[in-house]
Amino acid sequence: MAEMGSKGVTAGKIASNVQKKLTRAQEKVLQKLGKADETKDEQFEQCVQNFNKQLTEGTRLQKDLRTYLASVKAMHEASKKLNECLQEVYEPDWPGRDEANKIAENNDLLWVDYHQKLVDQALLTMDTYLGQFPDIKSRIAKRGRKLVDYDSARHHYESLQTAKKKDEAKIAKAEEELVKAQKVFEEMNVDLQEELPSLWNSRVGFYVNTFQSIAGLEENFHKEMSKLNQNLNDVLVSLEKQHGSNTFTIKAQPSDNAPAKGNKSPSPPPDGSPAATPEIRVNHEPEPAAAATPGAALPKSPSQPAEASEVTCGTHPAVGAQEPGETAASEAASSSLPALVVETFSAAVNGTVEGGSGAGRLDLPPGFMFKVQAQHDYTATDTDELQLKAGDVVLVIPFQNPEEQDEGWLMGVKESDWNLHKELEKCRGVFPENFTARVQ
């Protein structure tokens, strides 16, 4: 019998809950259709909006804090492996080995301590803070259901009072249910009206405490880590002093596809074949005397070099011809001067001789080194570049500032422009060396 009674009570409770749900659903439909008024509390609705916003912000903060902790853990592992590598390569006979191992141990302990304190002082506090939201959220939802029950009881009572045939017994029962529904709703409503604003205001203090804890822990961590790093640096300095003669110097290695200096990178010639590139060498070793032409010894004068006398005296030969004295000058010069100086001097001699034939003398630009001829067309891409057509002859001159020269580029002036203007400022420019071939 007791079991039957228990089942009867359970069945009756289920039936009551089902009836409540149906009544609430019917009430909500009527309210949406405008056939029943709904009790409104704008102040409470604002509190609910703040609650939802606070819950969203807290959930995001908790997620980001967990991500931060995961990153700290990952950095700890990376730092640990790096220190293990140092311990492995640190040879037993090197000074400071024991100190380096101790520093690695302290480094590991410092990471562990930092991570644990973040968990205790930030993450657990965060979890406790968010732990109160589910209960309040459930009570807000329940308060909403009780409000619907209250409105439904109120509408039922009002409809019985306005009926043509009044049933006093039903009216009395409806009034009793209304008072009961109102009491339940107001008790929940009052509690939430007090808790929600208080919870909303508490967020400021919580955010301050959380981020102050994180900032303080991180500051102390980096202070202690800085001390360890300084100690490790001191150990390595002592190692460097003992093995100072074997110090490793880090040098920048230019890429095969990039210039060593500046931003200019010469393009390859259109046909893909590299143009002839002059090789300039400085050779301080004298060449054998047998290289000189017999019988072409130069007269020596204490006031004037023999090479200069061969250039400035006598009749200049036609282009392409070369007198014995001139050959001797070149060979004699190469036996006493670096190849670069001889080469530059010979180029100047040839240019002067060539300019001496024909209608007029060609005055070479200051610092003239040698001539090149364009093998391909080159379209200038900047204001400081020369525009070249295949066949153009260019007089190569040095850069005013050698630091500005990019690998693979030369400075020069087109021979036709120089003959016309005789002004370097208007005519000179840079051009890619691999688009040209040396002719002198």
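The model is predicted, so local features need pLDDT of at least 70 and side-chain atom pairs count only at pLDDT 80 or more, while totals for chains, interfaces and linings use all residues. Residues are numbered from 1 along each chain as its sequence is written, and side-chain values use heavy atoms, with hydrogens and water left out.

Let's start with the rings. Phe, Tyr and Trp rings (the six-membered one for Trp) pair if their centres lie within 6.5 Å; planes under 30 degrees apart are stacked, over 60 edge-to-face, the rest tilted. That gives ten aromatic pairs, including these:

| Pair | Centre to centre | Between planes | Kind |
|---|---|---|---|
| Phe51 and Phe133 | 5.3 Å | 35° | tilted |
| Tyr129 and Phe133 | 5.4 Å | 70° | edge-to-face |

Phe51 sits in helix H2 (residues 42-89) and Phe133 in helix H4 (residues 133-161), so their pair ties together parts 82 residues apart in sequence. Helices (H or I, at least four residues) and strands (E, at least two) are DSSP runs, numbered from the N terminus. Phe51, Tyr129 and Phe133 belong to one aromatic cluster with Phe206 and Tyr207.

Now for the strands, which pair if DSSP finds at least two bridges between them. Strand E3 (residues 409-414) and E4 run antiparallel, joined by four bridges. Leu410 has Phe431 in E4 as its bridge partner. Buried means under 20% relative accessible area, exposed over 50%, and partly exposed in between (1.4 Å probe, protein chains only). On E4 (residues 429-432), Gly429 and Phe431 are buried on one side, Val430 and Pro432 on the other.
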